[in-house]
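Me: I would like to learn how to read a structure like this one. Could you take me through it feature by feature?

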Amino acid sequence: MNKKSDIKFWFFLLLACAVGYLLGRIDTSKNWNDTGIIVGLVLIFSFILSYLMKKFAWLWAIIIGGFIFCFDVITSGNYGAAGAILFAFLGAYSGVFFRKYIFI
């Protein structure tokens with residue numbers, strides 16, 4: 001990788017961590033009870049990051065979905081939140097598909 005793509009990678013890595021952290025905090029907040037919005041945001045953000053840097057789609061999905069899963073397990077013991085990782089992978093590889101086959 002060259003210097004420009006290194007900077008792009010680190011920027012997207014920090015962005016994915018920030019998004020995952022914020023979504024995890026929102027999902028586990030006391031008065032929040034709307035899973036559909038979190039799932040939609042997971043799909044959107046993992047799609048965008050993977051569309052912009054498709055080589056690391058798997059990483060964006062693990063980071064975004066993983067933060068939500070970890071927050072839910074730590075705060076409430078909810079292992080069902082592993083679905084967030086699945087939706088993150090769905091969004092991420094949809095972004096790769098769109099970049100490769102639709103928006104050439």
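**Reading the helix packing**

Reply: Gladly! Let us begin with a pair of helices: H1 and H2 pack with their axes 11 Å apart, at an angle of about 175 degrees. Please keep in mind throughout that this is a predicted model.

Me: How are H1 and H2 oriented to each other, roughly parallel or roughly antiparallel?

Reply: Angles over 145 degrees count as roughly antiparallel. H1 and H2 are therefore roughly antiparallel to each other.

Me: Which residues make the contact between H1 and H2?

Reply: From H1 come Lys-8, Phe-12, Leu-15, Ala-16, Val-19, Leu-23, Ile-26 and Asp-27. H2 answers with Ile-38, Leu-41, Val-42, Phe-45, Leu-49 and Leu-52. Sorted by class, this contact has 12 nonpolar and 2 charged residues, and no polar ones.

Me: And how do I read the next pair, H2 and H3? At what angle do their axes cross?

Reply: Look at the distance and the angle together. The axes of H2 and H3 come within 9 Å and cross at roughly 155 degrees, and therefore H2 and H3 are roughly antiparallel to each other. You can also read a handedness here: H2 passes H3 in a right-handed crossing.

Me: Which residues meet where H2 passes H3?

Reply: On the H2 side you will find Ile-38, Val-42, Phe-45, Ser-46, Leu-49 and Ser-50, which meet Ala-57, Trp-60, Ile-64 and Ile-68 in H3. By class there are 8 nonpolar and 2 polar residues in the contact of H2 with H3, with no charged ones.

Me: How close do the axes of H3 and H4 come?

Reply: They come within 8 Å, crossing at roughly 155 degrees. That angle makes H3 roughly antiparallel to H4. The crossing of H3 past H4 is right-handed.

Me: Which residues of H3 and H4 meet?

Reply: H3 brings Ala-57, Trp-58, Ala-61, Ile-62, Gly-65, Gly-66, Ile-68 and Phe-69. The class count for the contact of H3 with H4 is 13 nonpolar, 2 polar and no charged residues.

**Reading the core**

Me: What should I look for when I search for a core?

Reply: The general idea is that in soluble globular proteins, nonpolar side chains tend to be buried together. Here, the largest nonpolar core has 22 residues. Those with the most contacts inside this core are Phe-9, Leu-23, Val-42, Leu-59, Trp-60 and Ile-64.

Me: Which elements give two or more residues to this core?

Reply: They are helix H1 (3-27), helix H2 (35-52), helix H3 (57-76) and helix H4 (83-102). H3 gives the most, with 7 residues.

Me: What is Trp-60 in contact with, once its neighbours within four places in sequence are left aside?

Reply: Trp-60 is in contact with Phe-9, Phe-12, Leu-13, Ala-16, Leu-49, Ser-50 and Met-53.

**Reading single residues**

Me: What about Phe-45 itself? Where is Phe-45 found?

Reply: Phe-45 is found in helix H2. At 31% relative accessibility, Phe-45 counts as partly exposed. Not counting residues up to four places away in sequence, Phe-45 touches Val-19 and Ile-64.

Me: Which residues does Phe-69 touch, not counting residues up to four places away in sequence?

Reply: Phe-69, in helix H3, touches Tyr-79, Ala-81, Ala-82 and Ile-85 on that count. Its relative accessible area is 21%, so Phe-69 is partly exposed. Phe-69 and Gly-83 are 14 residues apart in sequence and 8.1 Å apart in space, C-alpha to C-alpha.

Me: Now a loop residue, please. Is Phe-56 buried or exposed?

Reply: Phe-56, found in the loop between H2 and H3, is buried, with a relative accessible area of 13%. The C-alpha atoms of Phe-56 and Ser-29 are separated by 29 Å, and these residues are 27 apart along the chain.

Notes:
Residues are numbered from 1 along each chain as its sequence is written. This is a predicted model: local features need pLDDT of at least 70, side-chain atom pairs count only at pLDDT 80 or more; totals for chains, interfaces and linings use all residues. Side-chain values use heavy atoms; hydrogens and water are left out. A nonpolar core is a set of buried Ala, Val, Leu, Ile, Met, Phe, Trp, Tyr and Cys residues joined through side-chain atoms within 4.5 Å. Buried means under 20% relative accessible area, exposed over 50%, partly exposed in between (1.4 Å probe, protein chains only). Helices (H or I, at least four residues) and strands (E, at least two) are DSSP runs, numbered from the N terminus. Contact means heavy atoms within 4.5 Å. Axes are lines fitted to C-alpha atoms, for helices over the stretch in contact, and angles run from 0 to 180 degrees between N-to-C directions. Angles under 35 degrees count as roughly parallel, over 145 as roughly antiparallel, 65 to 115 as roughly perpendicular and the rest as oblique. A crossing is left-handed if the near helix is turned anticlockwise from the far one by less than a right angle, and right-handed if clockwise. Ala, Val, Leu, Ile, Met, Phe, Trp, Tyr, Cys and Pro count as nonpolar, Asp, Glu, Lys and Arg as charged, and the others, Gly among them, as polar.
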